[in-house]
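Here is a model to look at together, one question at a time. Keep the picture open while you read.

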Amino acid sequence: MAPPIRKIVYVEDEPDIQAIAQMALEAIGGFEVVLCSSGREALEVIPQEMPDLVLMDVMMPELDGPSTLQALREVEECKHLPVAFMTAKVQKSEIDEFISLGAIGVIPKPFDPMKLSDEVKRLWEKVHAG
């Protein structure tokens with residue numbers, strides 16, 4: 001059985017999407033959520049917060065999600081941190097590329113706020129299943 005998820009860092013540059021996801025993850029999922037508005041901010045915050053899981057937008061200005069994930073993997077304490085992408089880019093080839101970069105999965109956008117926590121838990125269980 002997977003340990004419970006306590007803290008999630010959510011990296012998203014769109015304030016409206018950020019607010020909806022935070023509300024859904026905190027109110028429905030009961031998670032503590034730390035927000036970052038860019039990949040660069042995430043690279044500063046994640047090693048300090050050491051969350052159980054990172055949810056990350058793919059398309060962000062300056063440093064996109066895949067580049068942020070690659071930079072995060074170079075930080076010793078973050079090498080094995082579970083990261084899932086949230087994106088509208090859900091073609092099989094795109095998902096395969098994200099997985100090959102080390103993401104644990106992809107949550108499609110637009111997402112259903114009522115189901116977001118369940119999708120996060122499903123990915124979390126998958127990581128701990130083996």
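Q: What do the buried residues of α2 pack against?
A: This is a predicted model, and in it the buried residues of α2 pack against β1 (7-11), β2 (32-36), β3 (53-57) and α3.

Q: Which residues of α2 are the buried ones, and what makes a residue count as buried?
A: They are G39, A42, V45 and I46. The word buried is used for a relative accessible area under 20%.

Q: How do you know that these buried residues are on the same side of α2?
A: Look at the arc they cover around the axis. For G39, A42, V45 and I46, that arc is only 115 degrees, which puts them on the same side of α2. There's a handy bit of background here too: an α-helix has 3.6 residues a turn, so residues three or four places apart point the same way.

Q: What does the face of α2 turned away from its buried side carry?
A: That face carries E44 and Q48, and both are exposed. To be called exposed, a residue needs a relative accessible area over 50%.

Q: Why are α2 and α3 called roughly parallel?
A: Start with the angle: the axes of α2 (residues 39-49) and α3 (residues 65-73) cross at roughly 25 degrees. Angles under 35 degrees count as roughly parallel, and α2 and α3 therefore get that description. The axes also come within 9 Å, and α2 passes α3 in a right-handed crossing.

Q: Which residues meet where α2 and α3 touch?
A: From α2 you have G39, A42, L43 and I46, and from α3 there are T68, A71 and L72. Sorted by type, the contact has 5 nonpolar residues, 2 polar ones and no charged ones.

Q: Why is M50 called partly exposed?
A: Partly exposed is the range between under 20% (buried) and over 50% (exposed). M50 has 36% relative accessibility, so it counts as partly exposed.

Q: How do you know that the peptide bond from K109 to P110 is cis?
A: Check omega: for this bond it is near -5 degrees, and the bond is cis. Most peptide bonds are trans. P110 sits in the loop between β5 (105-108) and α5 (116-129).

Q: What does S37 touch, leaving out residues up to four places away in sequence?
A: S37 touches E12, D13 and Q18. S37 belongs to the loop between β2 and α2, and its relative accessible area of 39% makes it partly exposed.

Q: Where is K79, and why is it called partly exposed?
A: K79 is in the loop between α3 and β4 (83-87). With 35% relative accessibility, K79 counts as partly exposed. Setting aside neighbours within four places in sequence, K79 is in contact with L72 and R73.

Notes
Residues are numbered from 1 along each chain as its sequence is written. This is a predicted model: local features need pLDDT of at least 70, side-chain atom pairs count only at pLDDT 80 or more; totals for chains, interfaces and linings use all residues. Side-chain values use heavy atoms; hydrogens and water are left out. Axes are lines fitted to C-alpha atoms, for helices over the stretch in contact, and angles run from 0 to 180 degrees between N-to-C directions. Helices (H or I, at least four residues) and strands (E, at least two) are DSSP runs, numbered from the N terminus. Angles under 35 degrees count as roughly parallel, over 145 as roughly antiparallel, 65 to 115 as roughly perpendicular and the rest as oblique. A crossing is left-handed if the near helix is turned anticlockwise from the far one by less than a right angle, and right-handed if clockwise. Contact means heavy atoms within 4.5 Å. Ala, Val, Leu, Ile, Met, Phe, Trp, Tyr, Cys and Pro count as nonpolar, Asp, Glu, Lys and Arg as charged, and the others, Gly among them, as polar. Buried means under 20% relative accessible area, exposed over 50%, partly exposed in between (1.4 Å probe, protein chains only). The arc is that of the directions from the helix axis to the C-beta atoms.
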